[in-house]
Amino acid sequence: MSDTIADMLTRLRNAAAAKHKTVDVKNSNICQGIAKVLKEEGYIDAFDVLDDGTKQGLIRLVIRYTPTGEQVLREIKRISKPGCRVYRSVKDFPRVIHGLGIAVLSTSKGVLSDRQARQQNIGGELLATVA
């Protein structure tokens with residue numbers, strides 16, 4: 001597998017659409033960073049790093065739903081891909097659904113949401129948008 005980020009986002013999107021409580025994705029530092037951002041922004045309830053006997057391991061994400069059972073994670077889209085990287089400065093960050101969604105960025109300070117990156121005034125690679 002060459003794109004672990006796209007695999008993580010696809011598994012999360014499919015599990016949320018199928019109303020699963022949890023989803024397991026391959027472990028990597030960037031995937032842990034994305035999971036941390038999604039938890040801080042309220043799109044997932046929790047995540048745990050699991051040892052499945054392999055060298056890489058797994059991350060178990062607990063998906064958040066509204067009290068009526070609707071999914072909180074409505075849309076998640078990969079922007080920067082291995083064949084076409086997308087970098088943005090602070091002033092060029094996209095406003096996802098006019099500020100209601102978030103953009104996930106890989107910066108020199110780690111994986112951050114667009115709000116955190118604006119506060120720290122640093123740009124980076126635009127990994128995904130979440131609404």
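This is a predicted model: local features need pLDDT of at least 70, side-chain atom pairs count only at pLDDT 80 or more; totals for chains, interfaces and linings use all residues.
Reader: In what order do the helices and strands of the chain run from the N terminus?

Author: The chain holds three helices and eight strands. From the N terminus on, the order of these elements is α-β-α-β-β-β-β-β-β-α-β.

Reader: What radius of gyration does the chain have, and why does it agree with a compact globule?

Author: The C-alpha trace spans about 40 × 40 × 25 Å along its principal axes. For 131 residues, a compact globule would have a radius of gyration near 14 Å. The chain agrees with this because its own value is 14 Å.

Reader: What share of contacts between residues at least 6 apart in sequence joins residues at least 24 apart?

Author: Buried residues make up 40% of the 131 residues in the chain. Among contacts between residues at least 6 apart in sequence, the share that joins residues at least 24 apart is 62%.

Reader: Which element gives the most to the largest nonpolar core?

Author: This core has 26 residues, of which M8, L12, I34, L38, L61, V104 and V130 touch the most other members. At least two residues come from each of α1 (4–17), β1 (22–26), α2 (29–40), β3 (58–63), β6 (102–107) and β8 (124–130). The element that gives the most, with six residues, is α1.

Reader: Which residues does L38 contact, leaving aside neighbours within four places in sequence?

Author: L38 is one of the residues that touch the most other members of the largest nonpolar core. Leaving aside neighbours within four places in sequence, its contacts are L12, Y43, I44 and V130.

Reader: How many disulfides does the structure hold, and why?

Author: A disulfide is a covalent bond between the sulfur atoms of two cysteines. The cysteine sulfur closest to that of C31 belongs to C84 and lies 20 Å away, so the pair is too far apart for a bond. For C84 the closest cysteine sulfur is that of C31, again at 20 Å and too far for a bond.

Methods:
Residues are numbered from 1 along each chain as its sequence is written. Side-chain values use heavy atoms; hydrogens and water are left out. A disulfide is a pair of cysteine sulfur atoms within 2.5 Å. A nonpolar core is a set of buried Ala, Val, Leu, Ile, Met, Phe, Trp, Tyr and Cys residues joined through side-chain atoms within 4.5 Å. Buried means under 20% relative accessible area, exposed over 50%, partly exposed in between (1.4 Å probe, protein chains only). Helices (H or I, at least four residues) and strands (E, at least two) are DSSP runs, numbered from the N terminus. Contact means heavy atoms within 4.5 Å. The radius of gyration is taken over C-alpha atoms; the globule rule is 2.2 Å times the number of residues to the power 0.38.
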